[in-house]
Amino acid sequence: MNYKRCVYFVEGPCEEKLINALKAEPRLLTPGKVNVYNVIQDELPRRVVSMIQAGTMVVLVFDTDVIKTDILQKNIDHLKKYASQVKVINLAQVMNFEDEIARATDVKKAQDLTKSRSVSEFKTAFCKFKDEECRNALNRHHLDVSQLWIKSPPEEFSFVKQGGDSIKL
């Protein structure tokens, strides 16, 4: 099937900011609607799942630093069962958002991207970026999108296949 639509379910506002920045022109990711919804902690409501149109790529973005997989598995199963003709793509952040940023840029730790003193301060500063500012900051630090979402998640997440290549342009 040719998937014409894309919808992202991302863990938090930092992931939302990153996805929005990377799907802006020039596009590095498949465009689509971004919803903040933690698929590791919360079950997707059936009404949300059933409203996903046929021919949609559903992208789940989540951290793997907390070994909790039961709700994620339920969400994947519900998407496959109740959403008609969708392709579920997993973007497992190994171990978390900050590690993905450090892996895909030239910074040693994510805080260096915003010159922050702590992870909390980094997340606040990162989320305050406008999409263009975010993209510029990532570009200044030599973002290599091919390095995002490629590392294998911990064994407990072995039921998910890393799907970054499916959405990268």
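Which helix is E100 found in? Helix α4, residues 97-104. Here are some notes to read with the structure open.

A word on the ground rules: this is a predicted model, in which local features need pLDDT of at least 70, side-chain atom pairs count only at pLDDT 80 or more, and totals for chains, interfaces and linings use all residues. Residues are numbered from 1 along each chain as its sequence is written, and side-chain values use heavy atoms, with hydrogens and water left out.

1. Helices here are DSSP runs of H or I with at least four residues, strands are runs of E with at least two, and both are numbered from the N terminus. E100 counts as buried because its relative accessibility is 1%; buried means under 20% relative accessible area, exposed means over 50%, and partly exposed is in between, using a 1.4 Å probe and protein chains only. Leaving aside neighbours within four places in sequence, E100 is in contact with A92, Q93, V94, Q147, L148 and W149, where contact means heavy atoms within 4.5 Å.

2. **The rest of α4.** Six of the eight residues of α4 are buried, so the helix is largely enclosed by the rest of the structure. Those buried residues are F97, E98, E100, I101, A102 and A104. They pack against α1, β3 (56-63), β4, α5 (111-114), α6 (119-128) and α7 (131-140). Look at the start of the helix too: N96 caps the N-terminal end of α4, with a side-chain oxygen 3.2 Å from the backbone nitrogen of E98.

3. Q93 sits in strand β4 (residues 86-93) and, at 1% relative accessibility, counts as buried. Its side chain makes a polar contact of 2.5 Å with the side chain of D63 and another of 2.9 Å with that of E15. A polar contact is a pair of N or O atoms within 3.5 Å; within protein, one must be able to donate a hydrogen and the other to accept it, and residues adjacent in sequence count only if both atoms are side-chain atoms. Beyond four places in sequence, the contacts of Q93 are E15, V61, F62, D63, T64, E100 and W149.

4. **E15, at the other end of that contact.** E15 belongs to helix α1 (residues 13-22) and is buried, with 6% relative accessibility. Neighbours within four places aside, E15 touches V10, V61, D63, Q93 and F97. K123 is 108 residues away along the chain, but the C-alpha atoms of E15 and K123 are separated by 10.0 Å. The helix as a whole is mostly covered, as eight of the 10 residues of α1 are buried.

5. Most residues other than glycine have a negative phi, and most peptide bonds are trans. Now for the exceptions. The peptide bond from E25 to P26 is cis, with omega near -15 degrees, and P26 lies in the loop between α1 and β2. The bond from V94 to M95 is cis as well, with omega near -10 degrees; M95 is in the loop between β4 and α4. Q85, not a glycine, has a positive phi of about 50 degrees and lies in the loop between α3 (70-82) and β4. W149 also has a positive phi, near 55 degrees, and is found in the segment after α7.
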